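Here is a colleague's note to read beside the structure. Please keep the viewer open and look up each residue as you go.

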Amino acid sequence: MLLKKKGISFSLMALLLIALDQLTKGLAKSSLSSGREIPILPHILELLYVQNEGAAFGVLSGQRMLFFIITVLVLSVIVCLIRRLPEKRRYFPLFLSSLLIFSGAIGNFIDRMRNGYVVDFIYFMPINFPVFNVADIYVTSGCALMIYLFLFVYRDEDFHFLRRKKGGK
């Protein structure tokens with residue numbers, strides 16, 4: 001029963017995050033694709049429509065199959081992790097970081113499959129940072145949290161649930 005509740009919670013939260021990502025991308029496409037730029041904080045943050053066929057900075061542009069394979073692998077690992085993750089308060093940050101990475105990966109995956117590119121629209125000007133989107137924020141935040149957890153919070157023994165049990169099960 002607990003596994004079922006955890007899976008339902010994960011799925012509902014992921015759907016909500018993915019919907020938010022897709023909504024913002026749809027709004028960006030309809031409002032900004034004509035070349036319009038909207039300053040949010042002048043000379044710092046603006047909304048600017050970009051069709052990104054690659055990863056950050058357009059790296060690996062046109063490598064749709066590679067992105068497909070990487071996304072399927074990442075999603076598979078996260079699903080396996082969530083299924084085995086103990087339902088203890090201690091593991092909620094890992095649940096959250098996995099949820100963010102999963103939702104962001106799906107959000108950008110939807111764009112790549114539907115459009116052949118990812119809709120990016122948030123531009124941080126002071127450091128000429130690549131234009132990004134809400135799904136990118138999810139993935140970056142989730143990865144940063146996961147790295148922090150692995151470096152400073154969890155110990156090897158905290159991951160006993162990932163080890164194979166004797167007898168192959």
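1. **Overall layout.** Please keep in mind that this is a predicted model. The protein has four helices and three strands, and along the sequence they come in the order α-β-β-α-α-β-α. Its C-alpha atoms fill a box of roughly 60 × 30 × 30 Å, taken along the principal axes. Of the 169 residues, 37% are buried. If you take the contacts between residues at least 6 apart in sequence, 70% of them join residues at least 24 apart.

2. **Helix α2.** Start with its length: the 21 residues of α2 should span 30 Å at 1.5 Å a residue, and the end C-alpha atoms are 31 Å apart, which agrees.

3. Is serine 76 buried, exposed or partly exposed? Its relative accessibility is 36%, so serine 76 counts as partly exposed, because that value falls between the 20% and 50% cut-offs. Serine 76 lies in helix α2, and its C-alpha atom is 9.5 Å from that of phenylalanine 102, a residue 26 places away along the chain.

4. **Helix α4.** This helix runs over residues 134-153, and its 20 residues reach 27 Å from the first C-alpha to the last, close to the expected 28 Å. Which residues of α4 are buried? They are Val134, Ala135, Tyr138, Gly142, Met146 and Leu149. Looking down the axis of α4, you will find these buried residues within an arc of 105 degrees, so they line one face of the helix. Thr140, Ile147, Leu151 and Phe152 are exposed on the other side. Do look at the N-terminal end of α4 as well: asparagine 133 caps it, with a side-chain oxygen 2.9 Å from the backbone nitrogen of alanine 135.

5. In soluble globular proteins, nonpolar side chains tend to be buried together. Here the largest nonpolar core has 33 residues, and those with the most contacts inside it are Phe10, Leu85, Leu94, Phe102 and Phe121. At least two residues of this core come from each of α1, α2, α3, β3 and α4. Which helix gives the most to this core? That is α3, with eight residues.

6. **Aromatic rings.** The structure holds 11 aromatic pairs. One of these joins phenylalanine 10 and phenylalanine 95 edge-to-face, at 5.6 Å centre to centre and with 80 degrees between the planes. Phenylalanine 10 belongs to helix α1 and phenylalanine 95 to helix α3, so the pair ties together parts that are 85 residues apart in sequence. Phenylalanine 10 has a relative accessible area of 7% and is buried; phenylalanine 95, at 7% relative accessibility, counts as buried too. There is also an aromatic cluster to find, formed by Tyr91, Phe150, Tyr154, Phe159 and Phe161.

7. Serine 103 is in helix α3, and its relative accessibility is 0%, so it counts as buried. Apart from neighbours within four places in sequence, serine 103 is in contact with Ala14, Leu17, Ile18 and Tyr138. Lysine 5, in helix α1, is partly exposed, with a relative accessible area of 48%. Where is glutamate 87 relative to lysine 5? The two are 82 residues apart in sequence, while their C-alpha atoms are 9.8 Å apart in space.

How values were computed:
Residues are numbered from 1 along each chain as its sequence is written. Side-chain values use heavy atoms; hydrogens and water are left out. Buried means under 20% relative accessible area, exposed over 50%, partly exposed in between (1.4 Å probe, protein chains only). The expected span of a helix is 1.5 Å times one less than its number of residues. The arc is that of the directions from the helix axis to the C-beta atoms. A polar contact is a pair of N or O atoms within 3.5 Å; within protein, one must be able to donate a hydrogen and the other to accept it, and residues adjacent in sequence count only if both atoms are side-chain atoms. A nonpolar core is a set of buried Ala, Val, Leu, Ile, Met, Phe, Trp, Tyr and Cys residues joined through side-chain atoms within 4.5 Å. Rings of Phe, Tyr and Trp (its six-membered ring) pair if their centres lie within 6.5 Å; planes under 30 degrees apart count as stacked, over 60 as edge-to-face and the rest as tilted. Contact means heavy atoms within 4.5 Å.
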